[in-house]
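Let's take a walk through a protein model, one neighbourhood at a time. Have the structure open beside you and follow along.

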Amino acid sequence: RLEAKLKETSVYQKHCDFDTYLLIARECGLDSVEGARAAAIFMNDIGVISYFPDLDEDFLILSPQWLTDMFATVCTLKHNFVKNGILMRSECFQIWQEPDYPENLHNILIAILRKFKLAEILPPVGDKSRQLGDNSLVSESSSRIFIPALLSSEEDSRAFKNLWGRVVAPESVVGRFFHFKFIPIGFFARIIVHILHSFSWYPEYYWINGVVCTQDDSKLLIRLEGYYLKILVRGQQPEKYIGDIVESVDTVCSELLQQSYSVLVPCVQCLFAEEDDPHLFTV
């Protein structure tokens with residue numbers, strides 16, 4: 001009964017608060033709050049509704065198609081408000097408009113984009129004192145929403161060299177190269193967001209198939225070249241970062257790919273000497 005009632009309601013009401021949902025649940029014989037919440041989680045699991053109590057236990061999406069449409073409003077090139085992967089928080093009202101996406105829902109919509117690894121929230125330009133994804137950033141108009149799927153610019157070799165530079169002792173550099181048989185659409189963007197979401201790397205420079213991030217005195221380069229995803233970490237102790245980053249990439253691969261892939265270790269001396277074709281060791 002509850003499933004049928006929720007589908008019926010979703011035709012004219014795309015989302016609701018928990019109290020409204022509770023009234024629907026009680027009509028269907030679920031009198032307790034605990035039972036109704038458990039039923040909402042189950043309905044989410046089977047795809048009838050979308051409910052993310054870890055983000056907001058008072059907000060339910062009765063129409064999953066509404067959520068899909070919201071994703072489409074962001075991951076499209078039909079609007080000009082995203083500049084090379086960056087949407088200013090103050091511009092959200094341009095793509096999420098009344099009556100479909102009222103302004104009071106914009107914070108939760110951003111949180112959902114982050115949950116699905118489609119975007120990350122960045123501090124205002126020049127502010128590195130705060131963590132990426134800091135919840136207080138979500139409502140600040142000067143914050144930036146980073147959407148790697150919409151990166152559009154090509155690599156500027158001069159800008160890259162100015163930021164990455166030469167590796168000079170006592171620095172060292174380590175890396176891992178992932179080799180795939182094919183690269184699914186959106187894979188690189190998911191890798192970027194997952195790493196930004198999981199760690200404290202700050203994206204300094206990014207282009208359509210690469211990003212350079214910094215953390216303290218270390219730098220991270222993630223670049224997609226053909227069927228290779230190349231990851232380099234440089235600094236005085238790069239080895240303390242590379243393991244967690246590789247594990248993070250493995251997590252995304254297991255979620256998105258139904259194929260085997262190989263992980264190769266580039267020669268550290270070749271990397272230090274900045275050789276274009278470093279010797280690769282198999283893991």
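Start with a pair of facing residues: Val-173 stands opposite Arg-234 in β12. Before we go on, a word on the source: this is a predicted model, where local features need pLDDT of at least 70 and side-chain atom pairs count only at pLDDT 80 or more, while totals for chains, interfaces and linings use all residues. Residues are numbered from 1 along each chain as its sequence is written, and side-chain values use heavy atoms, with hydrogens and water left out.

**Strands side by side**

Strands here are DSSP runs of E with at least two residues, and helices are runs of H or I with at least four, numbered from the N terminus. Two strands count as paired if DSSP finds at least two bridges between them. Strands of a sheet pair through backbone hydrogen bonds, either parallel or antiparallel. Here are some antiparallel pairs:

| Strand pair | Sense | Bridges |
|---|---|---|
| β8 and β12 | antiparallel | 8 bridges |
| β11 and β12 | antiparallel | 7 bridges |
| β10 and β11 | antiparallel | 6 bridges |
| β8 and β13 (residues 262-266) | antiparallel | 3 bridges |

His-179 has Ser-262 in β13 as its bridge partner. Thr-214 faces Lys-219 in β11, and Ile-222 sits opposite Ile-231 in β12.

Now for the turns. β10 and β11 make a hairpin with 2 residues between them, and Asp-216 in that turn has a positive phi of about 55°. β11 and β12 make a hairpin as well, again with 2 residues between them; in this turn Gly-226 has a positive phi of about 60°.

How many of the 8 residues of β11 are buried? The count is 6, so β11 is largely enclosed by the rest of the structure. "Buried" means under 20% relative accessible area, "exposed" means over 50%, and "partly exposed" is in between (1.4 Å probe, protein chains only).

**The helix α10**

Helix α10 covers residues 239-256, and at 1.5 Å a residue its 18 residues should span 26 Å; the end C-alpha atoms are 27 Å apart, which agrees. That expected span is 1.5 Å times one less than the number of residues.

Which residues of α10 are buried? They are Tyr-241, Ile-242, Ile-245, Val-246, Ser-248, Val-249, Val-252 and Cys-253. These cover an arc of only 160° around the axis, which puts them on the same side of α10; the arc is taken from the directions from the helix axis to the C-beta atoms. An α-helix has 3.6 residues a turn, so residues three or four places apart point the same way. On the other side of α10, Glu-247 and Ser-254 are exposed.

And what does the buried side pack against? The answer is β8 (172-179), α9 (187-198), β10 (210-215), β11 (218-225) and β12 (228-235), with contact meaning heavy atoms within 4.5 Å.

The largest pocket holds about 520 Å³ of space. Among the 19 residues lining this pocket, the closest to its centre are Phe-160, Arg-223, Leu-232, Glu-275 and Asp-276. A pocket is an open set of points on a 1 Å grid over the protein atoms alone, where a 1.4 Å probe fits, with protein on both sides within 12 Å along at least five of seven lines; lining residues have an atom within 4 Å of a point. α8 (157-164), β8, β11 and β12 each supply at least two lining residues, and the largest share, 4 residues, comes from α8.

Notes: Points joined across faces, edges and corners; volume = space filled by probe spheres on them.
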